[in-house]
Amino acid sequence: SNGQLEDRMKHLLTSGRPGTNPLSEDSTLRMKRLKEKYPEFEFDPQTGVSKFSTDLLFATGSDEIRPEAMKVLQEFASIMNQTDSRHLNVLVSGHTDDRPVSKPSTKEKHVDNMGLSAHRGLSVLRALRKSGIDEKRMGVSGYGMHQPAEPNKNEAARAKNRRVEIYVLAPD
């Protein structure tokens with residue numbers, strides 16, 4: 001059911017045409033270069049979906065972006081602020097693994113994984129806003145552990161599930 005919902009969402013987010021990337025050829029090329037520069041950054045040239053490992057962006061249990069991660073977010077924002085991408089919208093989606101929030105300092109701020117994922121998405125949105133993307137072009141969502149990229153069988157799979165996805169949306 002979650003897989004079907006995610007497939008439907010991706011379908012709607014890519015202009016109603018599955019596999020359609022709303023980015024221009026130039027912006028797609030720049031995203032591919034960004035992917036080459038930052039191995040923890042993923043970009044799907046077919047859909048225009050970007051993924052950031054939360055291990056790149058955040059310390060465990062935190063929603064504060066690591067200073068070293070700001071560079072990749074700034075470069076992403078630069079691409080999205082180019083003339084050929086300025087009309088596109090951005091949806092930032094936070095995800096976590098299946099381990100419950102347990103550290104007392106984390107629990108004070110994020111009661112559960114849903115809260116942590118939403119706050120991480122919001123932190124990325126705010127960083128993109130600081131990097132020049134108009135807030136009117138952006139939205140945020142948090143899925144917690146409910147849309148894993150892989151089953152949470154081991155630490156490698158859990159690491160893949162701790163991510164922030166950015167969907168580039170056509171204006172309509």
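A salt bridge is taken here as a side-chain nitrogen of Lys or Arg within 4 Å of a carboxyl oxygen of Asp or Glu. The structure is a predicted model, in which local features need pLDDT of at least 70 and side-chain atom pairs count only at pLDDT 80 or more, whereas totals for chains, interfaces and linings use all residues. Residues are numbered from 1 along each chain as its sequence is written, and side-chain values use heavy atoms, with hydrogens and water left out.

Under the salt-bridge criterion, the count comes to 13. One of these joins Lys71 and Glu75, with an N to O distance of 4.0 Å. Both residues belong to helix 4 (residues 70-80), where, being four residues apart, they are separated by about one helical turn; helices (H or I, at least four residues) and strands (E, at least two) are DSSP runs numbered from the N terminus. Accessibility is classed as buried (under 20% relative accessible area), exposed (over 50%) or partly exposed (in between), with a 1.4 Å probe and protein chains only. Lys71 is partly exposed at 45%, while Glu75 is buried at 18%.

A network of salt bridges links Asp55, Asp97, Arg99, Glu155 and Arg162. Within this group, Arg162 pairs with Asp55, the closest N and O atoms lying 3.2 Å apart. Because Arg162 is located in the loop between helix 7 (155-161) and strand 5 (163-169) and Asp55 in helix 3, this pair ties together parts that are 107 residues apart in sequence. Arg162 also forms a salt bridge with Glu155, at 3.0 Å from N to O. The relative accessible area of Arg162 is 14%, and the residue is buried; Asp55, at 36%, is partly exposed, and Glu155 is partly exposed at 38%.

Pockets were identified on a 1 Å grid over the protein atoms alone, as open sets of points where a 1.4 Å probe fits, with protein on both sides within 12 Å along at least five of seven lines; lining residues have an atom within 4 Å of a point. The largest pocket holds about 320 Å³ of space, the volume being that filled by probe spheres set on the points, which are joined across faces, edges and corners. Its lining comprises 18 residues, with Thr60, Gly61, Asp97, Arg99 and Arg162 nearest the centre. Helix 3 (54-57) and helix 6 (113-130) are the elements that give two or more residues to this lining, and helix 6 supplies the largest share, three residues.
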